[in-house]
Amino acid sequence: MSSDDPTRTAVCILGLGLIGGSLLRAMSVNGRNAFGYNRSATTVDAAIASGHDASTDLEATLRRAAELDAVIVLATPVTALRAVLPAVVEYAPNNLLTDVVSVKESVARLIAELHPEARYVGGHPMAGTSESGWEATVSTLFDGAMWMLTTEDDTNAADWLTVAAIALDAGSQVVPAAADSHDRAVAAISHLPHLTANATAVVGAGESELALSLAAGSFRDGTRVAGTAPALQRAMLEANSTALLNALSETIDRLTQARDELRERGTVEVLVDDGHRARQAYEHIATGARQPISGVTVGAPGWAQEMRRQAHRAKVWRG
């Protein structure tokens, strides 16, 4: 059975950590029929105690998803997908899939390998904290967040709208993008900052306890994401290795240039000035009112290309 309204279908979430658990909360608050799976009984018990529908039985959860024609959200770490997808193929092969993993090309390749007939629209909500687990989940995590949805030339329009409705219901704004463009972007603005945060933390802590006792806002904010569980960081960063290598190489080149200029000329002017301008450009976009994508009918000829074009101009899809 399925809802008469395809944008209000049931949602089955596999993985109830920070993102998956917060999505379960958000969908429940919104009135969706939402339920989830997690292999940890402790997590499931906590979710049930909070009034949510959860189970440690993956087979039963997926059979229920198949019966309801629920959208299945893959919310496990990327390293766990290879173990979960075969069960999806066996028990819910016809359900629409999406995910909330922070890389898109590697997930798409894995789904193509293990579930080549899958209906799949990739997703990545740009939301989170350095905390993890059910205890960190909140229904408002996605409020105002950018939620990227893969929008390729061959993306099924009806499936895309169904997944977009989930993101909108969670309180997000939808950003259409191709998988490769997404991975390059997040390498620069999400994955690279994890590495630089870890480097800053190591250098600061290695200086002396005096340095840590003096550390204030710039150290605290600059190292926040280094507090994320190392296994989660590694899974995310290593899954986007090609794009991250390129971003890391550019960063090393800029730091090397700054080091040489400081040593030879006593200045770091170039990097500081360029960085200041870049930060101002970010603040202009981040604090301004996002313009909606307009003039596009999802499913019309060229809709995906036009969506991507407008998204590259910082526009968002609001339905």
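Predicted model: local features only at pLDDT ≥ 70, side-chain atom pairs only at ≥ 80, totals over all residues.
1. The chain splits into domain 1 (11-177 + 289-312) and domain 2 (183-287). Taken over C-alpha atoms, their centres are 29 Å apart.

2. Now for the place where the two domains meet. Between them, domain 1 and domain 2 bury about 1,100 Å², with 58% of that on carbon and sulfur atoms. On the side of domain 1 that touches domain 2, you will find five nonpolar, seven polar and three charged residues. In terms of contacts, 15 residues of domain 1 meet 15 residues of domain 2.

3. What kinds of pairs link domain 1 and domain 2? There are four residue pairs in polar contact between the domains (both at pLDDT 80 or more), while the count of salt bridges is zero.

4. Next, a look at the backbone. Most residues other than glycine have a negative phi. Asp69 is not a glycine, yet its phi is positive, at about 55°. You can find Asp69 in the loop between helix 3 (58-68) and strand 4 (71-74). Asp69 counts as partly exposed because its relative accessibility is 32%, which lies between the 20% and 50% cut-offs.

5. Ala314 also deserves a look: this residue is not a glycine either, and has a positive phi of about 70°. Ala314 sits in the segment after helix 13 (303-311). With a relative accessible area of 24%, Ala314 is partly exposed.

Notes. Residues numbered from 1 in each chain as written. Heavy atoms only, no water. Helix = DSSP H or I, 4+ residues; strand = E, 2+ residues; numbered from the N terminus. Buried < 20%, exposed > 50% of the residue type's maximum accessible area, 1.4 Å probe, protein only. Domains from an automatic or database assignment. Contact = heavy atoms within 4.5 Å. Buried area = accessible area lost by both parts, 1.4 Å probe. Salt bridge = Lys/Arg side-chain N within 4 Å of Asp/Glu carboxyl O. Polar contact = N/O pair within 3.5 Å; in protein donor to acceptor, adjacent residues only side chain to side chain. Nonpolar A, V, L, I, M, F, W, Y, C, P; charged D, E, K, R; others polar.
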